[in-house]
Amino acid sequence: MPGTLLRAASAVLLTLAVLNVPTVHADEVAPVAVTVNARAALASVPETGIGTNHAIWDSNLGTDETADLLKDAGMKLLRYPGGSYSDIYHWADHTAPGGYVAPDTDFDTFMRGVRRTGAQPMVTANYGTGTAAEAAAWVRHANVTKGYGVKYWEIGNENYGNGHYGAVWEADDHADKSPAEYARHVVAYSDAMKAVDPTIKIGAVLTTPANWPDGIVADGDDGTWNEVVLSAAGPKIDFVILHWYPGAFDKTAHVPDMIHLARRQIAEHAGPGSERIGIAMTEFNTGSSNGGTTTQPGALAAADAYATLLANGVFTVDWWNVHNGIGSVTQVEGHTDYGDFGLLSSGTCTSGGGVCEPPVNTPFAPYYALQMVSKFAHPGDRFIRAATDQEKVGAHAVRRPNGDLAVLLINTSSDTSYPVTIGYSGFSPAPGAPTVLTHTNGATSITTSATGTATGRTLPPLSLTTIVLRPASAQAGLPGAPGQPAASQVTDRTATISWPAATAGARPIVKYEVHRQNGAVSEQLGETTGTSLAVGNLKPGTRHTVNVIARDSGGGVSSPSAPLTFTTGTPASSSCSVRLTKQSDWASGYVGAIDITNHGAPINGWTLNFSWPRTWQSLGSGWSAVWTQNGPDVKVVNDPGNGSLPTGASATIGFVGNYSGPNELPAVFTLNGTVCTTR
């Protein structure tokens with residue numbers, strides 16, 4: 001959940017008020033401050049954002065009732081034929097040797113359900129036991145013969161699970177199971193399939209940052225799975241495929257780094273034009289070993305993760321699965337949790353029939369969570385920054401093209417009703433009661449009402465609440481949003497931000513402002529009458545996200561541009577330089593080597609300092625120096641025998657770093673207080 005809010009005097013917040021009388025000891029609970037910043041834009045909501053998986057072993061795949069339930073939930077993408085079954089499935093005769101194929105689950109039946117749902121399909125071509133020719137024939141059947149217009153085609157499913165890294169769960173008949181062999185076939189599949197329909201989009205399987213086997217280099221490979229696949233197949237693909245089963249409800253904070261690291265890998269390895277490559281999360285489930293997969297804790301985590309992934313630019317998030325089957329049965333927050341990864345009940349029972357799920361197609365709690373996200377964030381809306389000062393309460397927000405604003409509030413506390421006060425920057429809500437949508441623990445529907453005010457209410461325990469607001473006044477003739485910004489001439493403390501000019505409204509544009517996102521608060525970095533601005537006083541080795549807005553001669557303000565994220569470096573010239581390299585990685589830790597070079601006057605005794613970027617990183621051990629850690633800060637002092645660093649001399653030290661989330665490496669090092677050049 002968002003941490004403590006950073007506040008700035010430049011933030012323009014409305015007067016805060018608490019509307020509802022607290023219901024569960026709320027008179028003893030401090031109000032939660034929620035900040036919503038309409039000037040801090042994130043990604044747009046895609047057409048295919050909210051999705052789920054179908055599987056050919058699911059006998060309810062093709063029923064009208066299932067399709068209608070998915071439509072009511074707002075599903076915009078349906079994936080087929082179902083996880084690892086994709087690598088044993090042969091579409092032409094609808095067989096999956098070694099697996100079970102349910103009646104009425106063939107491709108044409110799936111497409112009938114897709115159309116009834118009003119979604120787009122995503123098809124996974126068989127890499128494990130299939131061929132490029134078989135996949136191309138599927139494209140021909142789908143888009144030439146039937147005219148289905150299937151746009152998104154994956155090549156295989158979790159193919160790194162073919163035994164190359166030790167674990168085996170994915171079928172793969174290729175003698176060579178390396179990422180290089182997979183990439184070679186991705187190229188062949190792409191060429192064959194696009195020869196049939198050049199408009200389709202091809203996706204390649206990647207490992208998800210900080211999830212096994214990410215970071216591991218197997219014997220004989222030239223790099224990790226992602227590095228090898230992107231280097232060889234990057235020019236032939238249109239999107240990459242990630243899967244994420246966090247196994248806990250508190251992992252959403254991993255998402256920004258997860259997606260950032262994936263984008264950086266794409267940029268570094270996929271070749272020219274790699275910015276066209278999208279990211280799809282084609283399998284996701286909270287999947288908690290502590291229970292909660294079908295009850296409210298899992299639902300709250302699902303809503304939080306979907307909103308966060310989409311706000312960070314993922315173009316689809318697809319729940320595993322529509323129906324899945326009963327698992328380990330537990331009691332969670334007053335309700336039976338069936339350990340089922342499905343959105344809808346399969347109506348199955350435990351071995352011996354001791355416990356049975358509710359009737360087939362009964363929605364589980366995560367169904368309502370995804371339904372809430374679909375009501376909160378519509379295709380074409382743009383996510384904007386929102387944050388709270390209470391870890392038990394999460395917030396997301398979107399701005400609609402018509403000027404409306406929606407706020408999604410998530411109370412994960414099982415026993416506390418939190419009063420919240422909501423402040424808005426860059427938006428003035430209309431007076432009167434907003435539209436409010438609510439889902440509470442154990443509820444079997446989302447309730448809708450017009451109650452309270454825009455600035456305060458009380459959130460029930462374990463609840464989802466969406467508030468939809470109209471602007472106080474609709475200003476006509478405002479400038480259009482500036483175009484996508486870009487960064488150039490980035491140094492350790494400066495950068496030049498440029499953008500395409502905005503379209504003028506009723507009055508001429510007189511200036512542009514560049515705003516940096518600082519949590520949910522914007523900080524203005526500068527303004528100009530042109531379409532380029534040099535900004536300074538930036539922090540070295542840091543990610544910065546900025547938006548540009550236009551102002552006209554009457555004071556009218558445009559919507560913010562799409563976000564630009566760039567990372568500052570370290571000094572180009574310094575009296576010291578540092579090189580950090582990973583010697584080995586096992587997807588939860590790594591051996592690192594740090595080379596320190598002195599470019600200044602001779603040193604007799606040195607101290608190196610750096611900080612871990614994230615709370616889930618820590619020092620395991622270190623050698624060739626004395627290592628200590630205090631909070632996120634690491635201090636390394638020379639051993640008695642290696643304290644001398646003459647001009648031009650180097651010292652090498654090593655350590656084990658541990659991580660339980662995306663492993664963003666330290667970027668800034670100081671030697672005896674001087675910021676070094678990081679090489």
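These are my notebook entries on one predicted model.

**Overall build**

I started with the whole chain. Its secondary structure comes to eight helices and 38 strands. I then looked up the radius of gyration: 26 Å, close to the 26 Å the globule rule gives for 679 residues, so the chain is as compact as a globular protein of that length. The C-alpha trace spans about 80 × 65 × 55 Å along its principal axes.

Among contacts with a separation of 6 or more, 72% are between residues 24 or more positions apart. For the accessible surface I noted about 25700 Å², with 51% of that belonging to carbon and sulfur atoms.

**Helix α6**

I checked the length of α6, residues 255-269. At 1.5 Å a residue, its 15 residues should span 21 Å, and the end C-alpha atoms are 21 Å apart, so the two agree. Which residues of α6 are buried? I listed Val255, Asp257, Met258, Ile259, His260, Leu261, Ala262, Gln265 and Ile266. These buried residues pack against α5 (225-233), β7 (239-244), β8, α7, β25 (543-552) and β26 (564-567). Just after the helix, I saw that glycine 271 takes a positive phi of about 90°.

**Aromatic pairs**

I searched the whole structure for aromatic pairs and got 38. One I looked at is phenylalanine 284 with tyrosine 306: the ring centres are 5.9 Å apart and the planes sit at 75°, so I logged the pair as edge-to-face. This pair links distant parts of the chain, with phenylalanine 284 in strand β8 (residues 278-284) and tyrosine 306 in helix α7 (residues 296-311), 22 residues apart. Both phenylalanine 284 and tyrosine 306 are buried. I also looked at tyrosine 367 and tyrosine 368, whose ring centres are 5.4 Å apart with planes at 90°, so that pair is edge-to-face. Tyrosine 367 and tyrosine 368 are both buried.

I also noted one aromatic cluster, formed by Tyr80, Tyr89, Trp91, Phe107, Phe110, Trp138, Tyr148 and Trp153.

**Cis peptide bonds**

Tyr80 came up again here: the peptide bond from tyrosine 80 to proline 81 is cis, with omega near 10°. I placed proline 81 in the loop between β3 (77-80) and α2 (107-117). Another cis bond joins tryptophan 320 and asparagine 321, with omega about 20°. Asparagine 321 is in the loop between β9 (316-319) and β10 (330-332).

**Positive phi without glycine**

Alanine 587 is not a glycine, yet I read a positive phi of about 70° for it. Alanine 587 lies in the loop between β27 (576-585) and β28 (589-598). Is alanine 587 buried or exposed? Its relative accessibility is 10%, and the cut-off for buried is under 20%, so alanine 587 counts as buried.

Serine 624 also has a positive phi, near 65°. I found serine 624 in the loop between β31 (617-623) and β32. With a relative accessible area of 33%, serine 624 is partly exposed.

**The sheet with β32**

I followed the chain on into β32, which belongs to an open sheet of five strands. The strand order is β32-β33-β30-β36-β37, and the pairing is antiparallel. The edge strands are β32 (625-630) and β37 (674-675), each pairing on one side only. I noted six bridges joining β32 to β33 (residues 633-638). Within this pairing, tryptophan 627 stands opposite valine 636 in β33.

Key:
Residues numbered from 1 in each chain as written. Predicted model: local features only at pLDDT ≥ 70, side-chain atom pairs only at ≥ 80, totals over all residues. Heavy atoms only, no water. Pairing = 2+ DSSP bridges. Helix = DSSP H or I, 4+ residues; strand = E, 2+ residues; numbered from the N terminus. Phe/Tyr/Trp six-rings, centres within 6.5 Å; stacked < 30°, edge-to-face > 60°. Buried < 20%, exposed > 50% of the residue type's maximum accessible area, 1.4 Å probe, protein only. Rg over C-alpha atoms; globule rule 2.2 N^0.38 Å. Contact = heavy atoms within 4.5 Å. Areas by Shrake-Rupley, 256 points an atom, 1.4 Å probe, with all protein chains shown as cover. Expected span 1.5 Å × (residues − 1).
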